[in-house]
Amino acid sequence: MSLFEMRGSFIENLPKIYGIYTGGFVVFILLMAVLEQMGLGADTIGILFVGFTIFIYALIGWLSRTMQVDAYYVAGRQVPAVFNGMATAADWMSGASFVAMAGGIYASGHAYLAFVVGWTGGYVLVAVLMAPYLRKFGCYTVPDFIGTRYGGNLARFCAVVVLVVASFTYVTAQINATGTIASRALHVPFEVGVWFGLLGILLCSMLGGMRAVTWTQVAQYIVLIVAYLVPVIWMSNKQGFGIIPQFVYGDAVAKIAELEALHKVGELLPVEKIAGMSALTVKHAFADGSALKAWQFVTLVACMMLGTASLPHILMRYFTTPSVRDARTSVAWSLFFIFLLYFTAPALATFTKLQVLDPSLATSVIGKPLAQVMALDWVRQWSSVDFLRVVDANKDGIVQINEFFMRDDIVVLATPEIAGLPYVISGLVAAGGMAAAMSTADGLLLAIANALSHDLYYKMIDPKAETARRLIVARVLLVVIGVAGSAVASMRLTGILGAVAWAFDFACSGLFFPLVLGVWWKRANRPGAIAGMVVGLGAGSWYLYMVYAGGMVPWIGLDHLRFGIVGMAASLIAMVVVTLLTPPPDAETQAMVDEVRIPKGRAILAATH
Amino acid sequence: MSIDASDRERHWARTRALMIVHMVIWFIFSFVVHWFASYLNQFSVFDFPLGFYMAAQGSLIVFVVQLFVFVWQQDRIDRECGMAEED
């Protein structure tokens with residue numbers, strides 16, 4: 001018997017179900033802690049953490065299996081706002097947010113905070129400009145909106161292309177992250193870890209589509225937020241910053257500024273380069289006052305924000321709420337749940353830096369004798385897997401700031417050990433990272449497979465296909481795309497963060513203006529939208545190629561992470577000019593836009609289509 | 001379905017005005033504040049340098065609060081103009 005046969009009561013019982021789930025997870029953590037005390041090995045704990053959580057997600061996925069179109073594509077449009085907020089937060093926070101963000105702030109200080117601002121503020125655009133209107137539209141996918149608003153298969157096809165380019169770039173990075181974490185927790189080679197990760201991802205999404213992904217993402221959010229907050233709160237408590245460190249780490253920032261002067265951060269530069277690792281060269285809170293640096297900060301913020309508002313796997317989460325009002329409320333909850341992690345990341349980076357710099361702490365490194373540093377447990381452990389390196393360049397037997405190299409992602413992964421926490425916390429962090437990467441990969445794979453099955457197959461190739469056939473096509477595509485993504489991921493072409501930033505740039509280059517203007521500019525028409533998508537994606541891709549591989553000098557500091565600025569500018573100009581040169585949309589389309597703008601009344605598209 | 005055209009217009013005018021207000025707030029806390037981060041760093045708030053604080057926490061709090069206020073305001077506009085969904 002399926003859990004979902006009592007559907008009404010299932011939704012009413014959600015707080016209870018997830019309450020029990022959270023309680024069960026806490027009991028599991030305590031059990032692991034007890035077993036650790038009884039002598040269970042660190043490796044076994046890691047395997048149990050990752051294995052147990054994936055088993056739970058797969059179970060939820062299996063219980064949520066469905067053969068109904070609206071359940072498969074939009075979870076039956078019955079996900080309450082708060083739960084959809086949690087699911088979106090898990091959908092949103094990827095391996096990069098979980099593993100790489102705090103490390104990035106550790107290494108680059110203020111400049112890296114552009115990602116923190118960019119990956120939160122975008123939700124203001126989602127709530128104000130997009131989500132409620134797309135929900136009123138009643139579409140299954142983002143190209144569904146483009147195709148119906150502007151009319152015609154060509155517009156729909158262009159939207160599918162942009163979606164696939166952006167989401168596929170993103171999903172390879174996520175599968176890469178699941179592979180990295182799985183390989184470390186389960187002690188298998190990276191190439192095996194990638195396929196294992198894919199198996200977990202498909203188990204969550206294949207049988208139940210959006211419905212299964214929704215309920216596993218809520219479960220994954222709970223795991224990842226617990227896994228992120230517990231070590232930070234524990235560590236700050238140990239350092240005397242209390243149990244809500246996020247609000248009081250100002251002292252730590254001030255202390256770091258003093259220590260940075262003492263250790264000559266920014267003056268002593270490394271004499272050699274080590275691939276993938278860096279020594280500290282930038283002061284923590286320092287903001288470069290030059291116009292170029294300020295410009296680079298705000299352009300990165302802009303690309304990430306407008307990209308947020310164009311990424312289909314995020315927008316489609318708001319198609320699952322019962323009403324337009326719930327869609328709007330749900331965006332606010334999404335941002336709240338995301339905020340819990342994002343305002344903790346800078347605190348984590350700050351505490352870790354203090355641990356490394358402060359000579360009064362036993363775990364610190366800088367300014368200490370080389371022999372003493374090499375005897376530290378965490379330094380030994382992480383240098384053995386080549387995540388950090390100490391090089392006594394000037395042979396004085398003391399570790400200087402320019403002689404200590406780390407990989408960025410060590411900050412989250414090694415925090416428990418740096419602060420001397422029990423291994424059970426490291427297992428928890430591995431499970432959290434896995435949840436973050438899997439949930440995002442799930443959402444992305446589903447976005448791609450749904451666009452191909454609904455928009456390309458059903459709407460363009462075979463409009464008479466029966467429900468069962470449509471859903472089988474959707475599932476086959478899910479597997480095919482997952483396999484393709486894993487194959488690309490196992491080649492390790494780009495770093496995780498680079499690929500993630502590119503996905504945002506692709507999405508905003510091609511989709512931002514056609515989506516926004518589709519609601520807010522009634523005059524916008526089909527040729528304009530097509531021009532906007534084609535020129536935007538084309539110009540953005542061309543610029544990326546020229547800057548990244550073609551050897552072109554970036555225009556005014558717009559490097560490969562910021563190519564969305566070029567793409568969006570081209571997209572806006574092309575869309576406005578072409579729209580104004582061609583006749584306005586017909587009266588029927590204009591009436592449709594009027595209907596989209598008010599919450600009242602029926603959706604534009606039928607409940608099942 | 002017949003909805004009075006003037007009601008629609010009133011609703012959309014208010015919705016658009018609300019959108020502009022929130023876009024201005026968003027613009028200030030997304031871009032303007034961070035453009036002047038170096039200048040703001042000479043002030044301090046809760047012991048943080050202000051420029052760093054705004055990027056690490058300040059702007060984020062503004063966005064979260066802003067969204068809950070926006071939801072409440074837009075909902076009121078929908079209700080007062082008779083454009084809200086039936087419960």
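How many residues does helix 5 of chain A have, and how far does helix 5 reach from its first C-alpha to its last? Select residues 81-92 of chain A in this predicted model. Helix 5 has 12 residues and reaches 16 Å, close to the 16 Å expected at 1.5 Å a residue.

Of its 12 residues, 11 are buried, so helix 5 is largely enclosed by the rest of the structure. Among the buried residues are Phe83(A), Asn84(A), Met86(A), Asp91(A) and Trp92(A).

Next, bring in chain B. Here 42 residues of chain A are in contact with 39 residues of chain B. On the chain A side, helix 7, helix 12 (250-263), helix 13 (291-308) and helix 15 (324-342) each supply at least two residues. Helix 15 of chain A gives the largest share, 10 residues. By class, this side of chain A has 27 nonpolar, 8 polar and 7 charged residues.

Now select helix 7 (residues 113-137) of chain A together with helix 3 (residues 50-80) of chain B. Their axes come within 9 Å and cross at roughly 10°, which makes the two helices roughly parallel. Show side chains for the contact: helix 7 of chain A contributes residues including Leu113(A), Val117(A), Tyr123(A) and Val128(A), and helix 3 of chain B contributes residues including Ala55(B), Leu60(B), Phe63(B) and Phe70(B). Coloured by class, this contact has 13 nonpolar, 4 polar and no charged residues.

Note on methods: Residues are numbered from 1 along each chain as its sequence is written. Chains are lettered from A and ligands numbered from 1 in the order in which they are written. This is a predicted model: local features need pLDDT of at least 70, side-chain atom pairs count only at pLDDT 80 or more; totals for chains, interfaces and linings use all residues. Axes are lines fitted to C-alpha atoms, for helices over the stretch in contact, and angles run from 0 to 180 degrees between N-to-C directions. Helices (H or I, at least four residues) and strands (E, at least two) are DSSP runs, numbered from the N terminus. Angles under 35 degrees count as roughly parallel, over 145 as roughly antiparallel, 65 to 115 as roughly perpendicular and the rest as oblique. Two residues are in contact if their C-beta atoms, placed from the backbone, lie within 7 Å. Ala, Val, Leu, Ile, Met, Phe, Trp, Tyr, Cys and Pro count as nonpolar, Asp, Glu, Lys and Arg as charged, and the others, Gly among them, as polar. The expected span of a helix is 1.5 Å times one less than its number of residues. A residue is buried if 20 or more other C-beta atoms lie within 10 Å of its own, exposed if 12 or fewer, and partly exposed in between; C-beta atoms are placed from the backbone.
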